[in-house]
Every structure is written in structure tokens, then in C-alpha cells.
Amino acid sequence: MGKLREMITTSTFEVYEKMFFIFLEPVERKDIAYDMSTEITFKGPVEGSMKMFLTDGLVSCMVQNMLSISDEEVSDSMREDCAREATNMVCGNLLRNYDSSNVFSLSIPTCQKNNQGDLMPACSEPQADLWQAVFDSDGETLGVLLQMQRS
């Protein structure tokens, strides 16, 4: 596993375990049908973006665990807010681990609902500035796509 992919995995595990009490397992599956995607961009010594692709069940579980509420109480706006915040925290954790001696500027994360059953874009060929990781938790899926290049 490459260094950045390992950093993505570590940062994702830390945030999901501590904030959402969700334990993820890395999987090799690259083609996930997702229900929601989020994106955050960053600038600093390196610049780029992080996208997350999430299934509804995973996001609902995140909200329930973080807010200690039942499934019936979870709203669409809570799901979107929680998914955006997860992206912000994972990206911030990753950048701190990547280079804690510099300051990075992060955008406000965006969220997009997917009603088409689209798949997470797959990296068909290894690219120097693109890393991907896919995780599973009780049949629910999270995909992370990181694009990073020197400023």
C-alpha cells in the first residue's frame, strides 16, 4: 500500500471510529453505487481535493451514532451536514499527518445527492496525483478519492 493511501486509511479510521463509532474495513472493490458524494478542496504546500462517496445506510448510521438519535429522527439535512463534516475532518486529519509544519486552507465541503445509482469513479490506471480507498462497514460502503499535487 502506498504512503498516501495508507494515510487516507489511517485518517479515515481515526475519524470514523472516534466521531461516529463506526469501524471500517478496507476492501478492494472499486465500483460502488453511492447515494451521496461530498467534496472539499485544499491549498497549501500541496493543493487538491478529497471526494467521499457514501451509501445512505452508512450516513444514517453516522448521524444516529454522533447525535444519539433513532433512525426515524434522521433528516436529509442531518445526513448532508454529517457527510460534509466527515469529509472536513478526514481531510484535515490527513493534511495534518501529511505535513504538520505548514498551514492548509480548506474550502467549505459541498454535498451532492445521487439519485441515479452512479458508481464511484474508478482509477483504471495508477496516476501520480490520484489515490483511492474503499471501505465497508456492515455492508455499507465509503469510497475516498484524493487528488493532490504540489502548488
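Trainee: What should I know about the model before I start?

Mentor: It's a predicted model, where local features need pLDDT of at least 70, side-chain atom pairs count only at pLDDT 80 or more, and totals for chains, interfaces and linings use all residues. Residues are numbered from 1 along each chain as its sequence is written, and side-chain values use heavy atoms, with hydrogens and water left out.

Trainee: How many helices and strands does the protein chain have?

Mentor: Helices (H or I, at least four residues) and strands (E, at least two) are DSSP runs, numbered from the N terminus. Here you get 3 helices and 7 strands, in the order α-β-β-β-α-α-β-β-β-β along the sequence.

Trainee: How does the radius of gyration of the protein chain fit a compact globule?

Mentor: The radius is taken over C-alpha atoms, and the globule rule is 2.2 Å times the number of residues to the power 0.38. For 151 residues a compact globule would come out near 15 Å, and the protein chain has 15 Å, so the two agree. Its C-alpha trace spans about 45 × 30 × 25 Å along the principal axes.

Trainee: Now the helices. At what angle do H1 and H3 cross?

Mentor: Axes are lines fitted to C-alpha atoms, for helices over the stretch in contact, and angles run from 0 to 180 degrees between N-to-C directions. Helix H1 (residues 3–20) and helix H3 (residues 76–98) have axes that come within 9 Å and cross at roughly 130 degrees. As for naming angles, under 35 degrees is roughly parallel, over 145 roughly antiparallel, 65 to 115 roughly perpendicular, and the rest oblique. H1 and H3 are therefore oblique to each other.

Trainee: Which residues make that contact?

Mentor: Contact means heavy atoms within 4.5 Å. H1 brings residues including Leu4, Ile8, Tyr16 and Phe20, while those of H3 include Cys82, Ala86, Met89 and Tyr98. For classes, Ala, Val, Leu, Ile, Met, Phe, Trp, Tyr, Cys and Pro count as nonpolar, Asp, Glu, Lys and Arg as charged, and the others, Gly among them, as polar. The H1 and H3 contact splits into 13 nonpolar, 4 polar and 2 charged residues.

Trainee: And where does H2 touch H3?

Mentor: Start with the axes: those of helix H2 (residues 56–67) and H3 come within 9 Å and cross at roughly 85 degrees. That makes H2 roughly perpendicular to H3. On H2 the contact includes Val59, Met62 and Met66, and on H3 it includes Met78, Cys82 and Ala86. By class there are 9 nonpolar, 1 polar and 2 charged residues.

Trainee: What about H1 and H2, at what angle do they cross?

Mentor: Roughly 50 degrees, with axes within 9 Å, so H1 and H2 are oblique to each other. Tyr16, Met19 and Phe20 of H1 meet Leu58, Met62, Asn65 and Met66 of H2. That contact has 6 nonpolar, 1 polar and no charged residues.

Trainee: On to the strands. How many bridges join E2 to E3?

Mentor: Two strands pair if DSSP finds at least two bridges between them. Strand E2 (residues 36–43) and strand E3 (residues 46–54) run antiparallel, joined by 7 bridges. They form a hairpin with 2 residues between them, and Thr38 stands opposite Met52 in E3.
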